[in-house]
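Hi,

Here is the structure I promised to pass on. Have a look at it first, and then read my notes below.

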Amino acid sequence: MMMEYFSNLEAGLQAAINDGNASPRKHYALEVARLGKRLYSGQDKVAWCGITAPFDLLGTMGVTSCFVEFIGAMVASTGTAGTFLEEADHIGYSSDACSYHRAVSGAAIKGLMPAPAFLIGTTNPCSGGLAVLENLAAQFRKKLFVLHIPQDESGGNVAYLADQMRDMAGFVSDLTGVSLDTGRLKEAIGHTNAARHVMNEVYDLAKTVPSPVTNRDLSNFGIVMALFLGTEASVRVAKAYRDEFARRIRESSANGSNEKFRLLWIQNRVQFKNPIEKHLAESCQATIVVDELNDINWAPIDPDNIFEGLARRSISIPFNGTIRNRVKHLQKLAMDYKVDGAINPCNWGCRQGTGARGLIDEGLRAIGVPVLNLEMDCVDSRKFTEGQFLTRIEAFVEMMDSRKA
Amino acid sequence: MGKSNVIGFACAYTPLALIHASGFMPCRILPVEDCPDQAAQLLHDNLCPHVKRLLDRAMSGNLPELAGMIFMNSCDAMRRLYDAWQIVRPGDKAILVDLPVTASESAVGFFCAELKRVAGVLETWGGTAITRDKLAGSIRLYNQLAENFSKLRQAVQNGGINNGPVVLQEACNMASCEAPEKAVGQLEALLADTGVMQPDDGVPVYLFGNMLPEPAAFALFEACGARIIGEDLCTGSRLFKAIEADKDGDIFLDLAAGILRGRPCARTFEGSQPGRLAGDIVEEAKKQQARGVIGYTVKFCDPYIARLPNIREALKNGGIPFLFLEGDCTMRSVEQQKTRIEAFIEMLR
Ligand code: SF4
Ligand code: SF4
């Protein structure tokens, strides 16, 4: 069923692009479809991973790897999360847990998750994510390698994680029979660095006032692009965005823009179909100019010290460490992008992010950025009360308006 | 050293011997006092009541005078508590100690380096320099405490102490808040007082979970007809464990290995044996000849939430009846489940 879904998606997107109906989002979605196809092909060696795993390294070793939350987001976007969440309820997985992880667990029970060759857990960003990987390893009876991502780069932390990643490569090699080819790894890291460079250009363009970004363009972009790093496709997708944004900036200086409010979106988007982004654009003239995870916080990876570079990259995710790091990063984004306000969709089961709601509020308020906290479930559409959310958004926009006046 | 020599802590993975070796006294901050509910100003309602109640205590100033606080990075919630603590008590010295989730060789090496960092920090907080001898002495002292606890547990099993489980929990709470020298002495006094009696006729039950520091909860289990013949709780047997220190090796490494390789709670596991916790609980319950198992965890605890389905299934497959209780670190929440506990015990008879 999933194979068919992704094949159709790929074919449809490819046809649209071939017909001259391309957009950066279509290029991005095409890669998502291709990844989905590889995951469900039954041909590839698959690894289920945590969010901060080095996907480019795994790709070099012939492994199709993906963070498990991708499946949670996918079933939400296809409107089928409810069935899987119910399955998780059925086995006694408390509904107080993150719904990404509950959906993944339900999907695994229902046979919707392809059996992996192995799993790579990461201690960051959340305790729940690592726990679900342990459960999947037990369920699939496959080996689990755990990467302990230290909280920061101090002391010997980078070397410690780099060594774990070396061990991980050995673990993968033992299980797959494929040893790490240094030449191929260097080539992949070349693509990673190239994509990084172009993604930075994309983000810089997005900072322009008015911004060339629409509310949908960069939804989930940063976090999902991590899955394509190390490939030419990642560079291609990033370039498609860069060129399109550059074009829009040229045109908007000629034609004007109706952007009135600039918004920062905290953590992840709402994964099921919902009218929030459209409503913000059409009724509120509000543009989500930046998402928290749409940023590059790591230096280019030195081809002569690849593991250290990969380690630094995994440590650099803003969700890592104390909330002070995260707030500092949010404050920087808010200022760089000149935002008028921030929206924080507080996913009910997320201790890592939602748990820090009050602390994030304080940090952004300190630099004069108001935050709208939307208490919600980002995966379970059954709990979404559209009217209520839109009313709260409108009130928030009015408040921003009065501040501007 | 300043006015206070007390270092607060909140997690069973805290290196108590290290704190003691620096001349400080570790004191567990338990989620027990009745303080106004204020934590929600900074921490979301979806965080576990353990950390919220600790923050309530901090916000109400309901704490012993502290020279500093040591937080272990055991889970997302504990990390958020560390963050919030700095806001509500900016004057407190506080450190967040990273805690690996596995006990692999490299994880133990990392944790060893973390413990050395803690030693340095304790010194800057006014502690004395930690020498090998001092640390070895503190480890011996805590080992003595662990041994006394094993004996006390045994005495409780044998019915040698009146109101045994309640006394045991009171002793645990006392030992986690008092100097180990004093705790060792108090336990010895208790042990000297044990008699030889028949264990009561309660139904043997094994208990696991996280935060259950209320002695009254153990009285309630007894009143419902249960005899707790073994437990694996953060506020119980998991706190004081013997640590083997090699005479010649790096003693910090021994301490790190001892802490990480003790009986794991839900947040610690082995990649090579995923789901092991469930098997361990079944094995322990069988070994102790429990007729049933009670799991008690506080709400919103991700490490346990995620493992419970497997635990439930393993117990079912092992033919061991299971009662799961979820609480909020108050006696009230345990009492509300009295009827369920009674019915469970009745079913086991
Ligand atoms: S929403 Fe929070 S708990 Fe869920 S996967 Fe993301 S970081 Fe983890
Ligand atoms: S009770 Fe659970 S969630 Fe709370 S601090 Fe302990 S391990 Fe973390």
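Which cavity is the space taken by ligand 2? That space is the second largest cavity. Before you go further, keep in mind that this is a predicted model.

Let me stay with ligand 2 for a moment. Around ligand 2 you will find C48(B), H50(B), V51(B), C75(B), A77(B), M78(B), N210(B), V298(B) and C301(B). Two helices of chain B, α2 (49–60) and α3 (76–88), each supply at least two residues of this shell. Sorted by class, the shell around ligand 2 holds seven nonpolar and two polar residues, with no charged ones.

Now to ligand 1, over in chain A. Its surroundings are made up of E69(A), C98(A), Y100(A), H101(A), C126(A), Q267(A), N347(A), C350(A) and Q352(A). Here the shell splits into four nonpolar residues, four polar ones and one charged.

Next, a place where the two chains meet. Helix α8 (residues 157–176) of chain A and helix α4 (residues 105–124) of chain B have axes that come within 11 Å and cross at roughly 175°. Angles over 145 degrees count as roughly antiparallel, and therefore α8(A) and α4(B) are roughly antiparallel to each other. On the α8(A) side, the residues in contact are N157(A), Y160(A) and Q164(A), and they meet S106(B), A107(B) and F110(B) from α4(B). The residues of this contact divide into three nonpolar and three polar, with no charged ones.

Finally, some backbone details in chain A. The peptide bond that joins N124(A) and P125(A) is cis, with omega at about 10°. You can find P125(A) in the loop between β3 (118–122) and α7 (127–140) of chain A. There is also a cis peptide bond from V209(A) to P210(A), and its omega is near -10°. P210(A) lies in the loop between α9 (182–206) and α10 (221–228) of chain A. While you are looking there, check N220(A), which is found in the loop between α9 and α10 of chain A. N220(A) is not a glycine, yet it has a positive phi of about 65°.

That's it from me. Enjoy looking around!

Cheers

Technical notes. Residues are numbered from 1 along each chain as its sequence is written. Chains are lettered from A and ligands numbered from 1 in the order in which they are written. This is a predicted model: local features need pLDDT of at least 70, side-chain atom pairs count only at pLDDT 80 or more; totals for chains, interfaces and linings use all residues. Side-chain values use heavy atoms; hydrogens and water are left out. A residue is near a molecule or strand if one of its heavy atoms lies within 4 Å of it. Ala, Val, Leu, Ile, Met, Phe, Trp, Tyr, Cys and Pro count as nonpolar, Asp, Glu, Lys and Arg as charged, and the others, Gly among them, as polar. Axes are lines fitted to C-alpha atoms, for helices over the stretch in contact, and angles run from 0 to 180 degrees between N-to-C directions. Helices (H or I, at least four residues) and strands (E, at least two) are DSSP runs, numbered from the N terminus. Angles under 35 degrees count as roughly parallel, over 145 as roughly antiparallel, 65 to 115 as roughly perpendicular and the rest as oblique. Contact means heavy atoms within 4.5 Å. On a 1 Å grid over the protein atoms alone, a cavity is a set of points where a 1.4 Å probe fits but cannot get out, and a pocket is an open set with protein on both sides within 12 Å along at least five of seven lines; lining residues have an atom within 4 Å of a point. A molecule sits in a cavity or pocket if more than half of its atoms lie within 2 Å of its grid points.
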